[in-house]
Amino acid sequence: MKKGRNAVRWALVFYDVVIILAIEVLLLILYGGSDRPTLIGLVQHSILGMLSIIGIRFLFGIYGTIWRYGGVQNYMRLMFSDGVAFIVYFILGRFILPVHQLTFVKMLALVAMSLLGSLAIRMAYRYAFKCCNNDSLWGRTLLFFLKTFGRIDVVRYRDVKKIRVAILGAGNLGNNLFDEIAMDNKSPYEVRCFIDGDKAKVGRHINGVVVLDEEAVTPEILIQDYNVQEVFFAIHNYSQDKMRHFYETFTKAGIKVKNYDVPHMQSGGDKPQLKEFEIEELLFRTQKTVINEKTASYYRNKTILITGGGGSIGSELCRQIAKMEPKKLIILDIYENCAYDIQQELKMTYGSKLDLSVEIVSITNRKGMARVFETYRPDIVINAAAHKHVPLMEHNCAEAVENNVFGCLNVIQLCEEYGASRFMMVSTDKAVNPTNVMGATKRMCEMIEQAYSTRGRVRCSATRFGNVLGSAGSVIPLFKRQIASGGPVTITDKRIIRYFMTIPEASQLVLESGAMADNGELFVLDMGKPVKIMDLATNMISLMGARNIEIVETGLRPGEKLYEELLVKKEDLEKTDNDLIFVEKEKPITMEELEEKLSILQEALENSDDDGVREALRKAVPTFRRPEEVNRNV
């Protein structure tokens with residue numbers, strides 16, 4: 001609008017007044033009837049009708065609505081307000097004011113027909129923004145009336161160069177995307193067609209746009225018949241294989257693709273956004289949302305401390321917890337930049353609705369951690385802080401033990417000392433028959449958690465899962481950088497297989513398992529089918545449209561094994577209510593045994609180098625094996 005919000009509101013009032021006067025003339029003068037009013041009666045009912053209808057519409061906020069975006073709820077509110085207006089009009093005209101008497105039917109007809117006229121101009125106004133950008137006679141006519149009588153500036157598709165797109169998915173999500181594009185005069189896109197597999201929709205039109213059959217459509221048809229340059233994916237229920245098929249088909253033909261969905265790697269609320277495809281969305285199983293109301297209610301109104309809250313898993317745990325309306329959320333990390341990033345993101349998303357604090361301290365700093373516990377008295381503590389990079393920890397064994405093992409010990413002891421009700425630990429598949437220092441330290445943490453669960457002062461649990469897509473140091477970002485720079489893509493061994501899961505799904509399952517835990521459980525997540533890293537590299541090269549990228553084998557790194565074990569012995573696993581979460585049945589070690597193991601490690605830290613600490617770790621963790629022993633049997 002040229003003159004802003006007030007011009008829109010008073011323009012609509014003027015149009016509604018004109019409609020009411022026209023209806024009054026039509027019914028009371030031209031139609032007449034046995035109760036035809038005098039001139040004075042006509043004036044009386046015109047004024048009374050307008051005051052009743054327009055006044056009630058102001059009361060219900062009808063003239064504050066932006067009708068170009070008006071939905072069903074806006075039209076229902078208009079109908080309801082006019083229903084109230086009729087009651088007011090009828091009572092005033094029949095029982096209170098000394099005006100000419102009209103029949104009930106005629107008074108109802110006056111209000112109903114004025115409502116019909118008001119609905120008609122609002123629907124035409126909204127519809128015009130969807131269809132005035134084509135070259136049909138109807139489109140040109142609406143454009144003329146909008147500019148002439150509506151005082152609206154409309155930029156036509158033909159006035160500026162638009163990107164011609166097809167929307168894959170003609171359901172609610174696809175229609176939402178169409179509305180966003182059609183209603184935005186500044187949108188750079190023009191929707192040429194929908195693509196859908198629903199035979200009931202194929203061949204029909206949605207808002208004047210044809211629906212094509214997904215089984216029959218080809219890139220050639222889109223390019224030659226509809227001049228399509230990009231395809232937007234707006235559908236939830238496609239399998240991963242089907243998504244990849246369409247992605248590869250369109251991209252190989254030179255058609256760019258984008259995804260219209262809720263962002264996965266950041267909070268961003270629940271509103272879908274149009275974004276570039278993330279490779280992770282095309283490589284593995286469909287991400288599942290596992291958080292339910294029962295789980296959310298467990299964390300609601302609790303004070304929750306997340307150590308390592310700035311890391312890949314920790315920050316996503318913060319995002320998920322923030323959605324559950326905690327009493328207070330404390331992000332604890334030694335790296336201030338990461339903690340600051342997630343703090344700012346949550347502040348922007350939730351503002352003052354989320355009680356949020358950030359503490360910069362290492363979990364190995366017992367005094368600093370005690371200060372945090374004394375200040376906040378957390379109800380639930382989730383320990384996601386750890387050194388996790390396998391090759392680096394092989395060369396920094398003492399630091400890995402100090403941070404991962406004794407840092408975890410500090411946290412769980414402080415939970416006991418300050419009365420936390422729940423301690424939850426994030427573990428890894430590398431803790432199963434570990435062949436590296438990182439995995440062995442995590443196995444030691446699991447033993448600490450299980451031993452402390454026997455004391456009964458704090459309920460403990462640990463959750464074990466595999467690699468997460470997009471996390472810091474993971475293989476996906478590395479491959480992306482290598483492909484973008486022209487290669488080569490480096491893999492340590494063509495035989496390596498790994499389990500993968502998205503960060504949001506892994507974080508949700510950690511929270512779900514923590515909520516269902518009783519005490520001392522070691523939860524194991526079903527990571528699906530393992531993936532060959534060689535296949536992963538090949539698929540990423542293909543999906544990114546790269547050519548002549550070489551894959552180079554560099555040899556296994558220290559501590560690396562060819563496969564990771566997760567669901568090791570299914571006969572030893574108990575099912576839970578969630579099909580993706582199992583419980584490993586394992587007898588915890590006694591506190592005396594734990595103290596003995598910790599003494600071995602503490603003595604090594606004080607008196608030995610990295611090699612000495614590694615040997616002490618082998619004594620403390622009986623399942624810690626040398627990688628060559630495991631890889632020899634593959």
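The structure is a predicted model, so local features need pLDDT of at least 70 and side-chain atom pairs count only at pLDDT 80 or more, while totals for chains, interfaces and linings use all residues. Numbering starts from 1 along each chain as its sequence is written, and side-chain values use heavy atoms, with hydrogens and water left out.

Starting with the big picture, the protein has 22 helices and 22 strands; these are DSSP runs numbered from the N terminus, with helices being H or I of at least four residues and strands being E of at least two. Of the 634 residues, 53% are buried, where buried means under 20% relative accessible area, exposed means over 50%, and partly exposed is in between (1.4 Å probe, protein chains only). As for contacts (heavy atoms within 4.5 Å), take those between residues at least 6 apart in sequence: 75% of them join residues at least 24 apart. The protein exposes about 29,400 Å², and carbon and sulfur atoms supply 55% of that area. Accessible areas come from the Shrake-Rupley method with a 1.4 Å probe, and for residues only the protein chains shown count as cover.

Next, strand β2. This strand spans residues 189–196 and is mostly covered, with seven of its eight residues buried. Strand β1 (residues 163–168) runs parallel to β2 and is joined to it by six bridges; two strands pair if DSSP finds at least two bridges between them. Within that pairing, arginine 164 has glutamate 190 of β2 as its bridge partner. Strand β4 (residues 209–213) also runs parallel to β2, through three bridges, and here aspartate 196 stands opposite aspartate 213 of β4.

On to the cysteines. Cysteine 193 is buried, at a relative accessible area of 0%, and cysteine 318 is buried at 0% too. A search of the whole structure for disulfides (pairs of cysteine sulfur atoms within 2.5 Å) comes back with zero.

Finally, the surface. Val25, Leu26, Ile29, Leu30 and Met113 make a nonpolar patch of about 410 Å². Patches are made of residues with over 30% relative accessible area and no salt bridge, joining like charges within 9 Å and nonpolar side chains (Val, Leu, Ile, Met, Phe, Trp, Tyr) within 5 Å; a salt bridge is a side-chain nitrogen of Lys or Arg within 4 Å of a carboxyl oxygen of Asp or Glu. Helix α1 (residues 4–31) gives the patch its largest share, four residues. Leucine 30 lies in this helix and is exposed, with a relative accessible area of 64%.
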